[in-house]
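Colleague: I am new to this structure. Could you show me how to read its features?
Modeller: Gladly; take a look first.

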Amino acid sequence: MNPPSDSSTASAAHTTRVALIGNPNTGKTTLFNALTGLAQRVGNYPGVTVERKIGRIDDDLEVVDLPGTYSLAAKSPDELIVIQSLLGEVRGEPGPDVIVVIIDASNLRRNLYLATQVMELGLPTVVALNMTDVADSRGIRVDVAALASELGAPVVPIVATRGEGLADLCAAIRAAEAADHDGVAPTTASLDVDAHLGGSIGSIAETMGLHDFLVRRAFIDEGGPIETALLATHPDLRDALAGARAALPAGGPRPAAIEAKVRYGWIEQVMTKAVDRDPPRPRPTDRIDAVVTHRVLGLVCFVTIMGAVFVSIFKWAAPFMDAIDASFVALEGWISGAFAGTALAGGLLESLLVDGMVAGVGGVLIFLPQIGLLFLFIAILEDCGYMARAAFLMDRLLRGCGLSGHSFIPMLSSFACAIPGILSARAIRNPRDRLVTILVAPLMSCSARIPVYAIMIGAFIPATTIAGFLSLPGLVFAAMYFLGIAVAIPVALILRGTLMRGETSTFIMELPPYRMPQPKTVLLRVWHAGRSFVARAGTIIFAMSILIWAAGTFPRSAEIAATTESARTAAEADLTGSDLDDRLAQIDRDAAGAQLRHSVLGRLGRAIEPVVEPLGWDWKIGTAAVAAFPARELLVSTLNILYGLEDDEEAGLTARLKAEDRGDGKPPFGVPAALSVMVFIALCAQCVSTLVVMGRETRSWFWPVFAFTYMTGLAYVFAFATYQGAVALGL
Amino acid sequence: MEITIMRLAECTPGSGGTITQIDHDGPLGQRLMEMGLIEGARVEVVRLAPLGDPMEIRIDDSRLSIRRAEAQHILVSE
């Protein structure tokens, strides 16, 4: 029997795992995208919402893009998972073989802080010195060899935006891996932090059988997640650490202060040896900021830019939305055509496909252009550096509302769709700020509410102008947007003051130099956002559309079917040609309306009529509102069915709404009821997809239920007040 | 020569100084120090946001935005 040969392992491609780490704003994302292109995927670490981006370079390198960080002193579970990932302690994920630390050549002092910590992990490390072009233009010259010698790691100059140095970087990564494979121990920086901390960390680590990096962090970051995690598994550590802390001079600087001083002291002397610079001079960035963050001009700029973004989104998305709409209508027609003339024509299967699936999915996909454009603008503004300025300008205002500057992008995104808004709340570090942001994000009027506003305003708001130039319909439209914001503020304040009381987050944020946005980075972001929207919303709405279709179709009444049949026969006897066709179509529509009334959904609508009467609604609006709970888009289509109209006959629905008479002497559907419908839609949580995403992001079912409850409650109260108030005002 | 020690939160745009101390023992203090705001570093207030808060400060070649409440803990000598 032959011994197992080694050739099988030798021929299998060995994948080198690379971890990419660095400060924010160092071009890490640009580097990652330049190296991996489209060969990247996004996933999640278990138990936290930190995103994990993994990509491949060539055949043999797999790169994990870790979140940008200034230090390895983990202060939260999200930061802890990064450390665990680096040490290979995340279940199911082996640790990296090589670490690449990306540093900004024009900002070396702070960047080297993280680099020295990373070197203490004891793994093969390569330093990518990025933005050497920026450094050159600022008169900063780095002696790469001297820096490498001091750090104890190879330093590769690169310019990620131009793709320069990338081949050298990959070669250095492979060389580092090969050296490690050959048993060469990685050299360390000429920096010994432990000596300044009492010198006992090494021996404690050895006694406990722990990595000295972990013991060091547990010692310095007292009360932090690393210490807590270690004490859970190594209770003896508590006494050891206490003893080591007591050994420090009483009343002297704390370990964290000692660490900072020692590291930066070392960095200072390295910089004198390896870096030479001209005196700093004003940068173009500073000249731009003089306007953009100016007390007055800055706000003007902000409003202009945000206004332009919004107007552009709606204007430029329109042709794409029309195209999507047209293609779905064509698809419906094609399906109906395929069924026509067969035994199944006009039957339930056709209805399921056309009214259930196609209409449902189409209702979601139609918002893809708006979401795509919004993300395009956000990605461009973020990549060029403006978003940091926007957060700087808005922080005080948002804090007054119980949020923070970090909530700006999530709230902004929610105006297109709350789903990407809630997902982008992951960037908010403080868990309470993040939760409040997630809970009020759906109050921002999203794109799906627009069709309802359009129909109600079109039907009931006279097209007059105020003060000669402000269009009344436009004002009402804008008012709905402001309503969401106006309600979100007290809600956020109350939540923050009661359920989510806690220390406010720190808001230390870098204002990076302005730069040209990178097309690759921007487009990849839009791609990822669009893909996740379609996958998440698409699957849920698809399922819910089928459910709603079923609730609106069953049970079927044999009686109605019989009456319809006889009406058709009568029509065929009396009319011919196009008159006959029109009549038959009308009979079918009336039948559809009647069946809907008879169905589960219709009965539900009638049952809740007493509840919606104070809002000025009748059972049809009530039914449509209930049908719209899974997805707002369903409100208009359900109303259409109830009023016996074709789906895209907007003008028809508007006219019918105007003329609708309750038939029992009550006033016809008027302005007050229209306003109350809009207010209800503006504030109600009618989107299962959003609630599901909320549940996933908060990792509990309680918060979506809470959000649904409070929003529906507020919607009802405000709609009631609106209706009664409008009636009282004689509108 | 008289040395005035001020809290960075009270400094007006254009003024600043050399950091003498970070008087916060918890995670905030650590965060400030990690960003390079340590004893001996030179820091300057560039401007205040339109509503008076946060403030933009310059440290080395970078610009940071920090809230006045956080800048309270940075003691500088002019």
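We will go through salt bridges, a sheet and an interface in turn.

Modeller: Keep in mind that this is a predicted model.

Colleague: How many salt bridges does a search of the whole structure find?

Modeller: The general idea first. Side chains of opposite charge can pair when their charged atoms come close. Here the search finds 42 salt bridges over all chains. One of them joins A:R263 and A:E120, with the closest N and O atoms 2.9 Å apart.

Colleague: Are A:R263 and A:E120 buried or exposed?

Modeller: A:R263 is buried, and A:E120 is buried too.

Colleague: What about A:R141 and A:D278?

Modeller: Their side chains meet in a salt bridge, 3.0 Å from N to O. This pair also links distant parts of the chain: A:R141 sits in strand β7 (residues 140–142), and A:D278 in the loop between β9 (275–277) and α14 (284–292), 137 residues apart. Now check accessibility. A:R141 is partly exposed, at a relative accessible area of 38%. A:D278 is partly exposed as well, at 28%.

Colleague: Which parts does the salt bridge of A:R245 and A:E227 tie together?

Modeller: The N to O distance in this salt bridge is 3.1 Å. A:R245 is in helix α12 (residues 237–246) and A:E227 in helix α11 (residues 225–233), so parts 18 residues apart in sequence are tied together. Both A:R245 and A:E227 are buried. Salt bridges can also share partners: one such network joins A:E120, A:D194, A:D212, A:R216, A:R217, A:D221, A:E259 and A:R263.

Colleague: Now the sheet. What is the order of its strands?

Modeller: Again, the idea first. Strands of a sheet pair through backbone hydrogen bonds, either parallel or antiparallel. Here seven strands form an open sheet with antiparallel pairing, in the order β12(A)-β5(B)-β4(B)-β3(B)-β2(B)-β6(B)-β1(B).

Colleague: Which strands stand at the edges?

Modeller: β12 (509–510) of chain A and β1 (5–7) of chain B do. Each has a single partner strand, so one side of each is left without a neighbour in the sheet.

Colleague: Can we look at individual strand pairs?

Modeller: Take β3 (residues 42–48) and β4 (residues 55–59) of chain B, which pair in the antiparallel sense over five bridges. In this pairing B:R47 stands opposite B:E56. Then take β12(A) and β5 (residues 62–66) of chain B, antiparallel over two bridges. There A:M509 stands opposite B:S65.

Colleague: How many residues does the contact take from each chain?

Modeller: It takes 47 residues from chain A and 32 from chain B. The two chains bury about 3500 Å² between them, 53% of it on carbon and sulfur atoms. A:R109, A:F392 and A:I508 supply 20% of the area that chain A buries against chain B, more than any other three residues.

Colleague: What polar links cross the interface of chain A and chain B?

Modeller: The rule finds 19 residue pairs in polar contact there. It also finds eight salt bridges across the interface. B:D25 and A:R254 form a salt bridge, with their closest N and O atoms 3.3 Å apart.

Colleague: Which elements of chain A supply its side of the contact?

Modeller: α4, α10 (212–220), α13, α14, α18 (386–400) and β12 each supply at least two residues. By class, that side of chain A has 18 nonpolar, ten polar and 19 charged residues.

Key. Residues are numbered from 1 along each chain as its sequence is written. Chains are lettered from A and ligands numbered from 1 in the order in which they are written. This is a predicted model: local features need pLDDT of at least 70, side-chain atom pairs count only at pLDDT 80 or more; totals for chains, interfaces and linings use all residues. Side-chain values use heavy atoms; hydrogens and water are left out. A salt bridge is a side-chain nitrogen of Lys or Arg within 4 Å of a carboxyl oxygen of Asp or Glu. Buried means under 20% relative accessible area, exposed over 50%, partly exposed in between (1.4 Å probe, protein chains only). Helices (H or I, at least four residues) and strands (E, at least two) are DSSP runs, numbered from the N terminus. Two strands pair if DSSP finds at least two bridges between them. Contact means heavy atoms within 4.5 Å. Buried area is the accessible area (1.4 Å probe) that two parts lose on being put together, summed over both. A polar contact is a pair of N or O atoms within 3.5 Å; within protein, one must be able to donate a hydrogen and the other to accept it, and residues adjacent in sequence count only if both atoms are side-chain atoms. Ala, Val, Leu, Ile, Met, Phe, Trp, Tyr, Cys and Pro count as nonpolar, Asp, Glu, Lys and Arg as charged, and the others, Gly among them, as polar.
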